[in-house]
Protein chains: 2
Amino acid sequence: MEYRKLKDQEDEEEAAVGGNAIESLRGKAHSLSNVAALGGGTAIERSKWKRKSIVTFALTVLTSSQAILIVWSKRAGKYEYSVTTANFMVETLKCALSVAALSGIWRNEGVTEDNRLSTTLNEVIVYPIPAALYLVKNLLQYYIFAYVDAPGYQILKNLNIISTGVLYRIILKKKLSEIQWAAFILLCAGCTTAQLNSNSDRVLQTPFQGWMMAIVMALLSGFAGVYTEAIIKKRPSRNINVQNFWLYVFGMIFNAIAILVQDFDAVMNKGFFHGYTIITVLMILNHALSGIAVSMVMKYADNIVKVYSTSVAMLLTAVVSVFLFGFNLSLAFFLGSTVVSVAVYLHSAGKLR
Amino acid sequence: MEYRKLKDQEDEEEAAVGGNAIESLRGKAHSLSNVAALGGGTAIERSKWKRKSIVTFALTVLTSSQAILIVWSKRAGKYEYSVTTANFMVETLKCALSVAALSGIWRNEGVTEDNRLSTTLNEVIVYPIPAALYLVKNLLQYYIFAYVDAPGYQILKNLNIISTGVLYRIILKKKLSEIQWAAFILLCAGCTTAQLNSNSDRVLQTPFQGWMMAIVMALLSGFAGVYTEAIIKKRPSRNINVQNFWLYVFGMIFNAIAILVQDFDAVMNKGFFHGYTIITVLMILNHALSGIAVSMVMKYADNIVKVYSTSVAMLLTAVVSVFLFGFNLSLAFFLGSTVVSVAVYLHSAGKLR
């Protein structure tokens, strides 16, 4: 399932369109909260639930269309562009979209303590951490292929689900019920089952060092996600576009370093935008929007919802691929999808009262 | 997983040894209930739970060792004996063991209304039904192979899990909680996942008639199991050995018919016990004991427990086979076992209060 390959590169992240839509919803929630303060607070709960549903739905659709774009671009031929420049463009676009959303808000509401772009060292000092963690993880990615092949790595990446759950519990100190833990184990087993193919058993021959690296990478990726949620949730009243702006600025910086290290010669000789096609541009746009959707899910929901959302997106992609590319669905895919569906049900049925 | 092949032939059923052990436990429960009537009834609950655990454990161990005996006998060479005569011997042995257990009870407690062997037409009229259903199902088994191959049939047989759950709900009118239903779906998906191999996808090409026959067979098998439980539970005070005796008498009759229809010539020419080896005798003994364990589970637990027990036995068999026969466990097996384990947990965690 190659379409998961780019998934990790956009795990911190707002768009002019999406952002404004969400902000107007927030405005609605605020005016509703004034009404609800008298009426018992159910309207604000409903509004929060609605916002959470919209961002989760957006993330699911964007993630699955992302994967489809990747399959499409692969069918069209090899990647001719530098992946590092594309990643840099994704960060830059997200940054630009955050500023565009903010300028709309400033025009309507004026500049306030919560939506001003200027910040303190105390606020901004933690923002580079997620980007740095992803950099380390992406570097490790080159070494793990000494121990596992690419399909095996796709299987091992499902360890991210477990590491996110464990770190979410430890770092954010939020509790999951026993049923929800059971659902999380099922989510991991179901996603892996859905990806099984005739060569998957080779992953069991992974040497000890390979397992260790896969676990470290899962922990790095899980920690980056949970830490981003911690940063965003630490200041609940702070405008998400400002928080995103700072996250993405550091994303730009770290990706610029990656260009220098990995693709300096190619960029110098062939140009920054060499090999870009319409599909490349669509992919960058999609990655930027889904990155912003991830941030929104972190702000208005949590990492657990994000993991469920991207897992369901993986299944959706496979189903859509049947129609678009004539893929065949395996029995393992049906079984894995059943297990993932039951996991989604159990996660909501098992809510702590 | 050929060891499941004989599993359906012993779904109604008691042993001298096992029977007496259980009966002495029942005696203990009775004397305990007199004490508990004063003390709040927790001791009797504990005793019931203990009895339920013992029969379930016995069924799990017997079922998994059964499967191992089948693998062993296959390794030793082809079946040289007539399967129908072996099935008849299983029923005869169960019948003999029930009578032996009863004679012990008569000696200790005397003949009572509950343990006398004589019966009324009203009581006994339903006893041939399960045996007849199994006969129809076994006949259909010959025709389904026109549509699916043997490994595909093993996969489709997991539909029994779902049909047992649905018929248990409809016929015995016992409720499962939503979490327990989710667990049941997981049990089915997990068992199927554990059995996946590189050819399993062929089952998706099963034609419509094949699916229909598989569903009908699952319903027949589920109905026979649930109906046996209904018969046994209808008269809770009736001694289980008497109930088993009558079930097994009809089992003997139906299996005698099967010998006449299928293996009359072979028996006439080569003799009833032709091809029997020490492994055949061990298999007959094991089938008889596990058949009795199934009856015990029906009496003291239910069909749901039986399904979980035999599913866990399937996983145990595979693990034991690694050590005994050098089998390799696949990634699909680990994933399926994880899902089955979570299902077992959810079944107990999801109990209706």
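The model is predicted, so local features are described where pLDDT is at least 70 and side-chain atom pairs count only at pLDDT 80 or more, while totals for chains, interfaces and linings use all residues. Residues are numbered from 1 along each chain as its sequence is written, chains are lettered from A and ligands numbered from 1 in the order in which they are written, and side-chain values use heavy atoms, with hydrogens and water left out.

**Chain A as a whole**

Begin by selecting chain A, which has 14 helices and 0 strands; helices (H or I, at least four residues) and strands (E, at least two) are DSSP runs, numbered from the N terminus. Of the 353 residues in this chain, 53% count as buried, where buried means under 20% relative accessible area, exposed over 50%, and partly exposed in between, computed with a 1.4 Å probe on protein chains only.

**The loop at K173**

Next, select A:K173 in the loop between helix 7 (159-171) and helix 8 (178-194) of chain A, where phi is near 55°, a positive value in a residue other than glycine. Most residues other than glycine have a negative phi. A:K173 counts as exposed because its relative accessibility is 65%. Then move to B:K173, in the loop between helix 7 (159-171) and helix 8 of chain B, which has a positive phi of about 55° although it is not a glycine, and which is exposed, with a relative accessible area of 65%.

Return to chain A and select A:I215 in helix 9 (residues 208-234), a residue that is partly exposed, with a relative accessible area of 36%.

Now select residues 303-325 of chain B, which form helix 13, with 23 residues and a reach of 31 Å from its first C-alpha to its last, close to the 33 Å expected at 1.5 Å a residue; the expected span is 1.5 Å times one less than the number of residues. At the start of this helix, a side-chain oxygen of B:D302 comes to within 3.0 Å of the backbone nitrogen of B:I304, and just after the helix B:G326 takes a positive phi of about 70°.

From there, go to B:T60 in helix 2 (residues 42-75) of chain B, which counts as buried because its relative accessibility is 10%. Leaving aside neighbours within four places in sequence, B:T60 is in contact (heavy atoms within 4.5 Å) with B:S309, B:V312, B:A313 and B:L316.

**Where the chains meet**

Finally, show both chains and select the contact between them, to which chain B gives 26 residues and chain A gives 26 residues. Between them the chains bury about 2,100 Å², 84% of it on carbon and sulfur atoms; buried area is the accessible area (1.4 Å probe) that two parts lose on being put together, summed over both. On the side of chain B that touches chain A, the elements giving two or more residues are helix 8 (178-194) and helix 14 (331-349) of chain B, and helix 14 gives the most, with 10 residues.

Conventions
A polar contact is a pair of N or O atoms within 3.5 Å; within protein, one must be able to donate a hydrogen and the other to accept it, and residues adjacent in sequence count only if both atoms are side-chain atoms.
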